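The sequence and the structure are shown first, and the description follows.

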2 protein chains.
Amino acid sequence: MRSLGPGAPSTEYFPFYAMNLEVGSTNAFATVGKEAPASTTTIYAGKHDSSSGLSTYDLAIALQYGQGTGSAQLVKFMSDHVNICGPQHPPYRNWKCILSVGTTSAFEIVPKMLAKPGDYLLVEQHTYTTVFETSLPLGIKFAQVRIDKDGLTPNDLDDILTNWDETVRGSKKPSLLYTVPTGQNPCEITQPLPRRQEIYRVAQKHNLFIVEDDPYYFIQPWLYKTVNQATEHPTSVDDYVKALVPSYLSIDVDGRVLRMDPFSKIIAPGARMGRVTASEQVIERMVRAHEVSVQNPSGFSQIAVFKLLHDSWGHLGFVQWLAHLRGEYIKRRDVLFEACELFLPREICGWVPSTAGFFHNKAGLISSLQIEKEIHSAAIDAGTLVVPGSWFLPDEGRSGMDEVFFRITYAAASTDDIREAIKRFGAALRRVFYLQSQGKLGQTDSGHQLQKLSGKISPRSAIRSVSN
Amino acid sequence: MRSLGPGAPSTEYFPFYAMNLEVGSTNAFATVGKEAPASTTTIYAGKHDSSSGLSTYDLAIALQYGQGTGSAQLVKFMSDHVNICGPQHPPYRNWKCILSVGTTSAFEIVPKMLAKPGDYLLVEQHTYTTVFETSLPLGIKFAQVRIDKDGLTPNDLDDILTNWDETVRGSKKPSLLYTVPTGQNPCEITQPLPRRQEIYRVAQKHNLFIVEDDPYYFIQPWLYKTVNQATEHPTSVDDYVKALVPSYLSIDVDGRVLRMDPFSKIIAPGARMGRVTASEQVIERMVRAHEVSVQNPSGFSQIAVFKLLHDSWGHLGFVQWLAHLRGEYIKRRDVLFEACELFLPREICGWVPSTAGFFHNKAGLISSLQIEKEIHSAAIDAGTLVVPGSWFLPDEGRSGMDEVFFRITYAAASTDDIREAIKRFGAALRRVFYLQSQGKLGQTDSGHQLQKLSGKISPRSAIRSVSN
């Protein structure tokens, strides 16, 4: 068949003929946290490697119009990865992977596929802000589910759904639950397997569809107290994945889970790419949605990641990279916690475990939101940026809140900066509480005009630390 | 300020350290249509070129989370490009460029910004299918404006709007016009400047916002009868752009135009990137829409295109590349037209100019849609793929149509394939018309069961050729 039909240009008019990438080597990157590794590997992609037999994937394919699934070659590698990683893949046969154009894009597409304007989305009490930002413009409302030290509470989820009152809520009973089951953002809670099983049973009872968003799944620093050689350089994929808590996807006997594995924390945010895994029926809908919006991830991203994972690292090398990242995050976490021990006023706040301690405003004259703003501003004045817990609430705390905490991340700052920032944060905390005890909060540098206190404040703050 | 706030990972955890790309050289690519040029240039991007002073843009920036505008460095180059290309930039001062994540994505975002479900979008009678595909799921309806040899007709546009009946149409008077003013898809009509000015005046009268989609603007093969050295290797940007018809954007005194310059036809579709230019107010809305959906183009795409255009080619080199593409498309067009002259039955169909000739079904027993299907199937049976004109109608011709044509593209097939495909298409056309004249259409290989003809068919077909 000779085609004078589709409008794809000839690949002879793509001005890129070859790409060489210097990437980490599996035998070098494990040797620890410097800005550049001791040695790198060069990987090559030519324009016509596929027709010359050099590779199954080349620049001509990557830079042409693609499929709504992402390139078949990279999707195949990703499906194999999910298959090989025991605690990852579904117990049913007809599941599929596709590549999203980043998780924010997937967040926008999934509610369009699975909900209508006015519908409620069930979320953890505090959750990832981007979920609000993408869903609110679609007319989605939020029903918050309480969390405890093991994350989402099945009883509260069941209560909310059992007692759902359409008249009061102004919309039908929700059918969609969004959860970050591993290292939840911002509370860094990981749901243990029994908790996931309980939540799944409630989902079955009320016919919920679960959106499992798991950016930190493969790099869980909380699995280990300290870095050791075994965790840092696994010798098999099984060796590495056996320690991971099984995903919702892996217990999904009904096909009611869509799982997102973003690449931002394990490859690079700028690749604008992630993996989505679900039943073929759900994936087919998402592919159709891609076709009328984002189409597919950039071919430059796809070929770079394919060449890295498929041609250079392979499945074991990929897992060794993930282990390396985990080791790095364990070290960073330890720096943060040591700094907290050294510099934070234990009499006012707590930081481990994250469920311990909140500000409780017993007086009722200064709302918790005001206390939070006061500390946030004082910390900025002292030169430390942290994220207030209220930012992770659908209404940013405007309807009231009974806890104050800050999300503090050890993901990016240098270890020296982490220490100095915590030292200054501790000083800011002390200053706010001193001023409050003196009835002088209205006169702080931050310019907030607060009412004078007449009650008693029980001062304990949770510092929640997360890898994002 | 020390940040323990935003969740961006440290760039030390991006496993890409450097990228080398082999790209076309401005002194080599002009020497004509081979699969690879005689020589290439290697361009380099390191991880920390920005802090080492080597470049303003590097892999660490490109692979980190970005802005909804696209990277400042590439946006700057693109704004300069628009500024330098006289017939391109708006007559007002506060215009902005941003980078889309491909035109399909921009098609989905723009109606969400500027229209509501149920609103009508004004389009050319036949138009680019992706506009329907992205807008229909958003609840948009289509009002088709007649075209003549100069494209969109101002009178019909004015009539439609002046006589708009909300009750009949079921929705308010449209406020949004989508047009492909240059080499329109599928009709390959280029609106001359006076026509654009007339349309703009109608837009002012009825307060229309114009979405100008211009993928072929810089590679207009129809500007020249034959390739010559002057068109193929311009020595200044001005020299090249002075021949181009001024864009709607350039006559937009009111800020009522949003212009899309896709990169798919001039760089590569797989980059999933394009330029959008409009008033800062409209661009600000689009950036906000990006932030809650696609975020920004892939960093790999952005740095590859930045290094190519900014570091290697520069503004003149970019225009020389566009001139090279134009020369290539002129040659391809000539191959197609020569094949049409040789192999198509002039007594049944026409192909130049594109306004000449359509099938007219005077008998009314076989609808035009059936004739079109018959020819399409016969062509496939003969081994040639062409695209039926009805595919470019919002309802794919189900509500009737009074013209039959096929879009035939010379964009990608080899010159041998173009000739052979046209030869076979000509044979298929002859066969259908022979069978029709014998009353045997119901027995063709394609399996269509058509009613026997009892009337007369005036058989002229338009073969429309486009570079996409």
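## Contacts across the interface

The structure is a predicted model. Across the interface of chain A and chain B, six salt bridges are found. In one salt bridge, the side chain of B:Glu108 meets that of A:Lys112, with a distance of 2.5 Å from N to O. Polar contacts between chain A and chain B amount to 43 residue pairs, with both residues at pLDDT 80 or more.

Several elements of chain A each supply at least two residues of the side that touches chain B. Among them are the strands S1 (2-3), S2 (16-24) and S17 (405-409), and the helices H3 (103-114), H4 (129-135) and H13 (415-437). The largest share, eleven residues, comes from H11(A). By residue type, the side of chain A that touches chain B divides into 46 nonpolar, 26 polar and 17 charged residues.

## Extent of the interface

The size of an interface is often given as the accessible area lost when the parts come together. Between chain A and chain B, the buried area is about 7,600 Å², and carbon and sulfur atoms give 60% of this area. Within chain A, the residues that lose the most area to chain B are A:Arg2, A:Leu4 and A:Tyr13, which together account for 13% of what that side buries. The contact takes 89 residues from chain A and 89 residues from chain B.

## Strand pairing between the chains

Strand pairing also links the two chains: S15(A) pairs with strand S1 (residues 2-3) of chain B in the parallel sense, over two bridges. In this arrangement, A:Leu385 stands opposite B:Ser3 in S1(B).

## The surroundings of B:Ala421

Residue B:Ala421 is located in helix H13 (residues 415-437) of chain B. Its relative accessible area is 0%, under the 20% cut-off, and B:Ala421 is therefore counted as buried. Leaving aside residues up to four places away in sequence, B:Ala421 touches A:Arg2, A:Leu4 and B:Thr384. Two of these, A:Arg2 and A:Leu4, are also named among the residues of chain A that lose the most area to chain B.

Between B:Ala421 and B:Asn296 there are 125 residues of separation in sequence and 40 Å in space, taken from C-alpha to C-alpha.

## The fold of chain A

Chain A contains 13 helices and 19 strands. Of its 468 residues, 62% count as buried. Among contacts in chain A between residues at least 6 apart in sequence, 76% join residues at least 24 apart.

Technical notes:
Residues numbered from 1 in each chain as written. Chains lettered and ligands numbered in written order. Predicted model: local features only at pLDDT ≥ 70, side-chain atom pairs only at ≥ 80, totals over all residues. Heavy atoms only, no water. Contact = heavy atoms within 4.5 Å. Buried area = accessible area lost by both parts, 1.4 Å probe. Salt bridge = Lys/Arg side-chain N within 4 Å of Asp/Glu carboxyl O. Polar contact = N/O pair within 3.5 Å; in protein donor to acceptor, adjacent residues only side chain to side chain. Helix = DSSP H or I, 4+ residues; strand = E, 2+ residues; numbered from the N terminus. Nonpolar A, V, L, I, M, F, W, Y, C, P; charged D, E, K, R; others polar. Pairing = 2+ DSSP bridges. Buried < 20%, exposed > 50% of the residue type's maximum accessible area, 1.4 Å probe, protein only.
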